[in-house]
Amino acid sequence: MKNKTKKVALVIGGSRGIGRAIALRLARSGFDIWLTYKSNHEAARNVKAEIEKSGSACELIAFDVSSYEETEAALGKRAEDFSPDVMVYNSGISRDNLLMWMTKNEWDTVLSTNLDGFFNVTRTILFSMLKAKKGRIIVISSASGQIGQAGQVNYSASKAGLIGAARALAREVGKKNIFVNVVAPGFIETDMTEGLRKEQVLALIPLNRVGRPEDVASVVDFLCTEEDMYIHGQVIGINGGLAI
Ligand code: NAP
């Protein structure tokens with residue numbers, strides 16, 4: 001993976017769902033992929049095989065983004081040796097419950113994975129992007145972070161927090177040729193939404209269909225590859241009109 005003529009995309013949480021689609025799409029656009037995940041080795045190995053079939057290289061890196069120490073150990077040295085051209089912060093979890101029933105653990109787990117994880121990863125790789133004077137950072141938030149969702153006070157808070165963090169970071173690093181943007185999906189069919197009732201959500205979506213991981217991946221790909229680029233510090237909704 002040290003072939004410096006090839007661009008590298010670091011996809012955080014690339015083993016399944018939206019992250020998997022993003023990794024495959026970026027590989028198709030010619031990036032080699034550093035693909036991270038937590039523990040689903042089999043899913044990650046399958047994505048790696050698909051990426052290699054498309055002609056790009058893929059390195060698998062397993063760690064828990066909620067731990068600063070694990071994140072540093074997994075990415076610190078790599079980023080010191082080579083600055084990834086792109087970082088997509090996609091890992092995330094939900095633990096839904098009405099606030100009146102929500103446990104401290106449900107709150108903490110979601111915030112530490114979704115929001116602390118962003119700090120842990122970005123803090124670890126940002127210095128190398130600053131030195132390289134180039135980079136594109138895409139943060140996967142959610143429509144829940146834009147408009148709020150009952151039963152998701154923890155998740156909505158984490159995703160709104162990501163929007164604030166990305167906007168502030170965009171102001172810090174824009175002059176260094178590092179683009180920072182947020183993508184906010186609505187209802188996308190993945191493992192995360194498996195238990196939810198589609199019929200109920202469909203009534204709220206003007207396009208009358210739920211989203212596919214590829215719908216998100218195409219926009220991320222654009223933000224990572226477009227050369228005539230003046231989009232910075234923005235939140236792009238991909239939600240079929242769920243949040244207008
Ligand atoms: P998913 O299918 O559950 O995949 C989650 C990914 O994140 C997996 O690669 C998982 O790795 C990784 N991950 C989870 N916790 C981690 C941790 N502590 N450390 C490292 N990696 C971790 O989820 P998805 O539906 O594709 O969602 C992807 C992102 O989009 C999330 O941030 C989610 O909040 C956001 N989003 C999803 C929807 C939707 O409708 N699906 C809507 C809006 C926003 P393992 O495979 O090892 O578990």
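Where is Glu70 found? I traced Glu70 to helix H3. One reminder to myself before going on: this is a predicted model.

**Entry: around Glu70**

I checked how open Glu70 is, and at 39% relative accessibility it counts as partly exposed. I then compared Glu70 with Asn120: they are 50 residues apart in sequence, and their C-alpha atoms are 9.1 Å apart in space. Glu70 also belongs to a negative surface patch, together with Glu69, Glu72 and Glu80. Glu80 sits in helix H3, which spans residues 68-81. I noted Glu80 as exposed because its relative accessibility is 60% and the cut-off is over 50%.

**Entry: a nonpolar patch**

Which residues make the nonpolar surface patch? I found Leu98, Met100 and Trp101, with a patch area of about 390 Å². Trp101 is placed in the loop between strand S4 (86-89) and H4. At a relative accessible area of 55%, Trp101 is exposed.

**Entry: salt bridges**

How many salt bridges does a search of the whole structure find? My page says twelve. I wrote up some of them.

- Arg16 and Asp191 meet through their side chains at 2.8 Å, N to O. This pair links distant parts of the chain, 175 residues apart: Arg16 is in the loop between S1 and H1, and Asp191 in the loop between S6 and H7. Arg16 is partly exposed at 40% relative accessibility, and Asp191 is partly exposed at 44%.
- Glu59 and Arg78 form a salt bridge of 2.6 Å, N to O. Glu59 lies in strand S3 (residues 58-62) and Arg78 in helix H3, so this pair ties together parts that are 19 residues apart in sequence. I have Glu59 as partly exposed at 22% and Arg78 as partly exposed at 26%.
- Lys134 and Asp85 make a salt bridge of 2.7 Å, N to O. Lys134 is in the loop between H4 and S5 and Asp85 in the loop between H3 and S4, so the pair ties together parts 49 residues apart in sequence. Is Asp85 buried or exposed? Asp85 is buried, with a relative accessible area of 10%, whereas Lys134 is partly exposed at 38%.
- I also marked a network of salt bridges that links Arg209, Arg212 and Asp215.

**Entry: the nonpolar cores**

I looked inside next. The largest nonpolar core has 31 residues, and Ile22, Leu26, Ile33, Leu35, Ile51 and Val220 have the most contacts inside it. Among the elements that each supply at least two residues of this core are strand S1 (8-12), strand S2 (32-37), helix H2 (41-53) and H8. Which element gives the most to this core? H1 does, with seven residues. Apart from this core lies another of 29 residues, among them Phe63, Ala166, Val173 and Ile178.

**Entry: backbone angles**

Most residues other than glycine have a negative phi. Lys133 is in the loop between helix H4 (104-132) and strand S5 (135-140), and is exposed at a relative accessible area of 53%. Asn208 is also not a glycine and has a positive phi of about 60°. I located Asn208 in the loop between helix H7 (198-202) and helix H8 (213-225), and it is exposed at 54%.

Methods. Residues numbered from 1 in each chain as written. Predicted model: local features only at pLDDT ≥ 70, side-chain atom pairs only at ≥ 80, totals over all residues. Heavy atoms only, no water. Patch = residues over 30% accessible without salt bridge, like charges linked within 9 Å, V, L, I, M, F, W, Y side chains within 5 Å. Areas by Shrake-Rupley, 256 points an atom, 1.4 Å probe, with all protein chains shown as cover. Salt bridge = Lys/Arg side-chain N within 4 Å of Asp/Glu carboxyl O. Lys, Arg positive; Asp, Glu negative; His and termini not counted. Charge placed at Lys NZ, Arg CZ, Asp CG, Glu CD. Helix = DSSP H or I, 4+ residues; strand = E, 2+ residues; numbered from the N terminus. Buried < 20%, exposed > 50% of the residue type's maximum accessible area, 1.4 Å probe, protein only. Core = buried A, V, L, I, M, F, W, Y, C linked by side-chain atoms within 4.5 Å.
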